[in-house]
Amino acid sequence: MPRVDADIKLDFKDVLLRPKRSSLKSRSEVDLTRTFTFRNSKQTYTGIPIIVANMDTVGTFEMAVVMAKHAMFTAIHKHYSLEEWKLFAANHPECLEHVAASSGSGKADLDKLKSILEAIPLIRYICLDVANGYSEHFVEFVKCVRALFPHHTIMAGNVVTGEMVEELILSGADIIKVGIGPGSVCTTRIKTGVGYPQLSAVIECADSAHGLKGHIISDGGCSCPGDVAKAFGAGADFVMLGGMFAGHDQCAGEIMERNGKKVKLFYGMSSDTAMKKHAGGVAEYRASEGRTVEVPYRGDVENTILDILGGLRSTCTYVGAAKLKELSRRTTFIRVTQQHSQVFS
């Protein structure tokens, strides 16, 4: 018999943060830096815990250079060659503590990951990324990578429930990527009917991870700085963004003209576009689970970074959090039926 979980599950659009008395005089007093020590690698991280997603178009070396200046993080996509990695490491050694090398769970992916990490020992972070983090094969793969790289910090996902967060942490992962289907160019929910509202997923998964001294990344579903704040308020240690960083100079792809406006391509990593580019097409046993969109060209990513960080500092002043670390402790969510007035949108 199928089961129905009738408990209410919420997305970012379903809530607002309740303001609280604050002794902060200015946004400039807010400290967005976090320091974490990871459960399995025992490494310590210090920085602003916002991560550029490991997607072709946004998870680029050019993006990493700008993000590192702000002590922010980039999960570099898995399609760069070893030679490109070596060149990046030689030219930008200061960025290497703020990047992760990404890998899928196939043998060719693992061989390439090994060659990159052996050639560039300063890379300390690994992002193991599959669409379905629930497969037993993926759990075994995480164990294998942990055995090969005992001192590297491993991000792994994606999952949306507490028991799988616990299993991946106990298998050797340090930071679990949370999110199935919330991304702006993800069509998993349409093609498969599988998913979980992102705010509730983060709340539940953070609770499970923190009980084991693990960490989580809220991956997907943010469309504005307020959503980033809600993800941190819900208990996420890191927030990963794709669409919010799309369309910039530092993104891969050409600037194109459409109806007199400049645009750039942005696509999901399970889209037809990505699979044609990297796998020669969509295999006949699977469906494309991503879309390709043209996003408005947005210039230098620096302006977007400042907008996100400014919004996050402002959130902290509204709820009386002097540090990002305090935000989840100061958060009360209120359910709403409307985010904002759309008269002029």
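What percentage of the 345 residues in the protein is buried? Buried residues make up 52%. The model is predicted.

**Figure 1**
Along the principal axes, the C-alpha trace spans about 55 × 55 × 50 Å. Now take contacts between residues at least 6 apart in sequence: 67% of them join residues at least 24 apart.

**Figure 2. The surface and the charges of the protein.**
The side chains include 40 positive and 38 negative ones. The centres of these two sets lie 5 Å apart. Side chains of opposite charge can pair when their charged atoms come close. The structure holds twelve salt bridges.

**Figure 3. Close-up of the salt bridge between aspartate 14 and lysine 13.**
The closest N and O atoms are 3.1 Å apart. Lysine 13 counts as exposed because its relative accessibility is 53%, which is over the 50% limit.

**Figure 4. Close-up of the salt bridge between arginine 146 and aspartate 174.**
Here the closest N and O atoms are 2.7 Å apart. The pair links distant parts of the chain, 28 residues apart. Arginine 146 sits in helix α4 (residues 136-148). Aspartate 174 sits in the loop between α5 (162-170) and β9 (175-178). Both arginine 146 and aspartate 174 are buried.

**Figure 5. Close-up of the salt bridge between glutamate 294 and arginine 258.**
The closest N and O atoms of this pair are 2.9 Å apart. Two strands are joined here: glutamate 294 is in β14 (residues 292-296), and arginine 258 is in β12 (residues 256-258). The two residues are 36 residues apart, so the pair links distant parts of the chain. Glutamate 294 has a relative accessible area of 38% and is partly exposed. Arginine 258, at 37% relative accessibility, also counts as partly exposed.

**Figure 6. Close-up of a network of salt bridges.**
Which residues are linked in this network? They are Asp5, Lys9 and Glu204.

Note on methods
Residues numbered from 1 in each chain as written. Predicted model: local features only at pLDDT ≥ 70, side-chain atom pairs only at ≥ 80, totals over all residues. Heavy atoms only, no water. Salt bridge = Lys/Arg side-chain N within 4 Å of Asp/Glu carboxyl O. Buried < 20%, exposed > 50% of the residue type's maximum accessible area, 1.4 Å probe, protein only. Helix = DSSP H or I, 4+ residues; strand = E, 2+ residues; numbered from the N terminus. Contact = heavy atoms within 4.5 Å. Lys, Arg positive; Asp, Glu negative; His and termini not counted. Charge placed at Lys NZ, Arg CZ, Asp CG, Glu CD.
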